[in-house]
Amino acid sequence: MKITAQKIKNFIKASKLFGFCWLFFGSVLITILKIFVKPNEKQILFMSYSGRQYSDTPLEAYHLLREDPDFADYELVWAFNRPQDFQQSAIRRKVSSNRISYFYHLLKSKYWISNTSIDRLVPFKHPDNIYIQFWHGIPMKALGHAEKGLAPLVQYWYDHVQIDDLFTYGPYDTEKLTNLFPKTQNVLEVGQLRKNINLRYDRLYRAKRIKKQLKIKNNKPVLLYVPTYRNGPNVHSGILSDQALQQLTTKYNVIYRGHYFAEDETPVNLIAASKFSLYKLFIVADVLVTDYSSVFFDFAVYQRPIYLIQTDIGSYRQERGFSFEPSETGLPIFYEEQALVQQLLETKPYPFEKLLQLNHKFNPHAATETVQSLKQIIKEN
């Protein structure tokens, strides 16, 4: 079995002993570094999905600041687990988040922008730094103390991380995320940058170009399938069967995009897009199918059909749990995959008014509010 850095991290997170050791030695290292490292007032560190990606809200924040003349003299730094994998020309500077020296770069940066943990699960006081958190989705799944089987190290991080500015979509996730991060200093209920990502990508990209990149050569509608990640031995539980997916390909170009934790596994005859920008996929997708992923909250702004397939809802509720019941979304939910397949192949009427209600309840703010708030934080600190 190949031992990767990610597997080592997972082992440390799952072990109380090694998790405690990681916290102890990490805290000691940071305490020593803080004596010697003073932050650059005009340096910002970005990290997406714990160093795995160059994507999502940290990337949007990066573009906004990089293109704004008011921030032309700022040092913008990206942290990646494998910097060599990211060769995009827009990246000005990058560092490895898998090295001890990463904590030097973290402390050297006055501002931190992330959508997950940026401190490598070692929460510490940082009075000279500003931690800006764009969490990676509206929580429908249980998080924190309500999440069954959560790694002790992760729970400790939730309880002790000191976020300076936490961005939320609206009242619902404000309540959930402030409970999840009790030491948060300031909550900005002004929306997330994901809505601005949609606007940016709509301006920059055309569906025809994206389809060419995906090697889509016919005029069939596009179905985007985004199953969420499962832990443990039931990693494939609830995933649509190959038979169901092949049935759907008779009418649709089916794009399969796995979770960022998942291995690169794509069923046969589908369009592999696990490394492709989710927001580019939104542009070409005519319909979204997912299960428990919060991705549907962001796709709903396009007012295109969304279906939830939850064949394993009983076991998922028992093993993971929910922050609220999926039925409260108002979206069509299927508990048998053939019922979903039949719906999609026959194209029955869709309740579009449910999408309007979903946006009004969970994602009501304009993208301009979020952009202005981010720039204001940096300019006023």
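Reader: Let's start with S117. Is that serine buried or exposed?
Author: S117 is buried, because its relative accessibility is 7% and the cut-off for buried is under 20%. Keep in mind that this is a predicted model.

Reader: Okay, and where is S117 found?
Author: S117 sits in the loop between strand 4 (109-114) and strand 5 (130-134).

Reader: You mentioned L121. What's its phi?
Author: Phi of L121 is near 60 degrees, which is a positive value in a residue other than glycine. L121 is in the loop between strand 4 and strand 5, and it counts as buried because its relative accessibility is 13%.

Reader: What about S50, what's the phi there?
Author: S50 also has a positive phi without being a glycine, near 55 degrees. You'll find S50 in the loop between strand 1 (40-47) and helix 3. At 18% relative accessibility, S50 counts as buried, since the cut-off is under 20%.

Reader: Since helix 3 came up, how many of its residues are buried?
Author: Helix 3 (residues 56-66) is mostly covered, with 10 of its 11 residues buried. Among them are D56, E60 and H63, along with L59, L64 and L65.

Reader: Switching topic: at what angle do helix 2 and helix 5 pack?
Author: Helix 2 (residues 16-36) and helix 5 (residues 152-160) pack at about 45 degrees, and their axes are 9 Å apart. That angle makes helix 2 oblique to helix 5.

Reader: Which residues make that contact?
Author: Helix 2 brings K16, G19, W22 and L23, while helix 5 brings P152, L153 and Y156. Sorted by class, the contact has 5 nonpolar, 1 polar and 1 charged residues.

Reader: I clicked on G144 next. Where does G144 lie, and is it buried or exposed?
Author: G144 lies in the loop between strand 5 and helix 5. G144 is buried, with a relative accessible area of 2%.

Reader: How far is G144 from Q155, going by C-alpha atoms?
Author: Their C-alpha atoms are separated by 5.9 Å, and the two residues are 11 apart along the chain. Not counting residues up to four places away in sequence, G144 touches L150, Q155, Y158 and L180.

Reader: Last topic, the largest nonpolar core. Which of its members touch the most others?
Author: L214 and I306 do, in a core of 91 residues. Helix 10 (residues 278-284) gives the most to this core, with 6 residues.

Reader: And what is I306 in contact with, leaving aside its neighbours within four places in sequence?
Author: The list is L288, F296, F299, A300, L331, P332, Y350 and L355. There's also a second, separate core of 32 residues, which includes Y102, L107, W135 and A151.

Reader: Why would nonpolar residues gather like that?
Author: In soluble globular proteins, nonpolar side chains tend to be buried together.

Terms used. Residues numbered from 1 in each chain as written. Predicted model: local features only at pLDDT ≥ 70, side-chain atom pairs only at ≥ 80, totals over all residues. Heavy atoms only, no water. Axes fitted to C-alpha atoms, helices over the stretch in contact; angles between N-to-C directions. Helix = DSSP H or I, 4+ residues; strand = E, 2+ residues; numbered from the N terminus. Parallel < 35°, antiparallel > 145°, perpendicular 65-115°, else oblique. Contact = heavy atoms within 4.5 Å. Nonpolar A, V, L, I, M, F, W, Y, C, P; charged D, E, K, R; others polar. Core = buried A, V, L, I, M, F, W, Y, C linked by side-chain atoms within 4.5 Å. Buried < 20%, exposed > 50% of the residue type's maximum accessible area, 1.4 Å probe, protein only.
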